Amino acid sequence: MTKHRVAFKAGLAFAFVAAAALAPFGGAVLAGHDDYGHDHHGRDRSWVGTFATSPQFVRSTQTALLFPAQTTIRQIVHTSIGGAAVRVRLSNEFGTGPLMVGAAAVALRGSGSGTVPHTNYPLTFGGKTSIMLAPGAPALSDPVPLRVQPLSDLAVSLYLPDETVGSTLHSVGLQTNYVAPAGADYTAATSLPAGTTVQNYFFLAGVEVLASSRAVAVVTLGDSITDGTRSTPDTNSRWPNFLAERLQAARNLDEVGVLNEGISGNRIFSGDAGVPTLARFDRDVLSKPEVQFMTVLIGINDIGNSARGTGPLVSADDIVAGYRQIIARAHARGIKVYGATLTPIEGSGYDYPQAEDDRQAVNAWIRTSGEFDAVIDFDLATRDPSHPTRFLPAYDSGDHLHPNDLGYKMMARAIPLTLFQRSAAVAH
């Protein structure tokens, strides 16, 4: 893959002026580095994702949340890798009208909705403190010199001056996020006045950090099992979180960011739970900086809904065709693709003979075809050895479709960390 360097040229002097103006709000400068982590001793730096959440539309079974005018939302982000500076990605992908963000900020999180004093940085967009996102548009903030630690929490605050429909969201946030009482801009506040809480993300698509030139990312593309459905909220117990913890503890792998692009209920081809996988692939994988690896755990919702008559007819061959498209599109960008076997479904709402036959056929293809760059056997890691079509009871969340926290941890443990060793083409 081609590495995208971060270069601060003379024409970008404004950025340094802005950083100097922000310096009183928090210490983010390292000896030998400028305010944005650029190393004066010769090493380049790269922007890499440390957190991602896939934007969704409001499902037909949901009611859109309406934010009154002058509302502040503070959303908690758990990082995978650390870095010397931060920038934030917003999205109005499913808005039917413009989204006005009157102010935004990022800070180190303290506890609850509170932030660590003197770490709050106002976000700007092209040097301006507010931004209007056109319907369907994303936005990328200017960088701020906030030093971020791996496996830590950030607070991203958005002030919505106008009444706003929460039309672009991520439904299964599994994280308590905070909505302040309407009436004022609280983005700079260390603590928010008591308001309401939600466990969704709104208008937030990701956070990137300025890391070393060795840093890369892995995208975990999938459905509810990657999204972490039925894991314990506020504990970061999704399997991609556990993978990030393992990478941080491993020698020479602590600069691999983990980007969770799972959507609960998502399907490869159709459905009401987010844009189908093949349609969101460019947005959720190819648009991310420095992605070198990706995992694919998707298809069980296509298979299950087909078997029970709640979705289009989909065969095992159709699932394989979808995988081949993902592989081809990823390989065209030099991304290694790791196929994950589909986990057990016996006793779940998808427990139909045809669904099980298709699951077994798909898993056999994943294991034996050789078309993925490697195989991660989540089925083997979570199934009951004495009854292999169902979860081991200790790993079952209770719905017989999703793991519990321990099951998600065992999934992460089943992933060979050698899969994320950087190739000579990108290591420096």
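Predicted model: local features only at pLDDT ≥ 70, side-chain atom pairs only at ≥ 80, totals over all residues.
I took helices (H or I, at least four residues) and strands (E, at least two) as DSSP runs, numbered from the N terminus. I noted that residues are numbered from 1 along each chain as its sequence is written.

I then looked up salt bridges, each a side-chain nitrogen of Lys or Arg within 4 Å of a carboxyl oxygen of Asp or Glu. The count came to 16.

**Helix α4.** I found that arginine 280 and aspartate 284 are both in this helix, four residues apart, about one turn of the helix. Their side chains form a salt bridge of 2.7 Å, N to O. Both arginine 280 and aspartate 284 are buried (under 20% relative accessible area; exposed is over 50%, partly exposed in between, with a 1.4 Å probe and protein chains only).

**Lysine 288 and glutamate 261.** I recorded a salt bridge between these side chains at 3.4 Å, N to O. The pair links distant parts of the chain, 27 residues apart: lysine 288 is in the loop between α4 (277-286) and β19 (291-297), and glutamate 261 is in strand β18 (residues 256-262). Each of the two is buried.

**Arginine 359 and aspartate 379.** I found their closest N and O atoms 3.1 Å apart, in a salt bridge. This pair joins helix α7 (residues 353-368), which holds arginine 359, to helix α8 (residues 378-382), which holds aspartate 379. Arginine 359 counts as buried because its relative accessible area is 0%. Aspartate 379 is buried at 1% relative accessibility. I also noted that both belong to a salt-bridge network with Glu356, Arg367, Asp377 and Arg383.

Methods: Heavy atoms only, no water.
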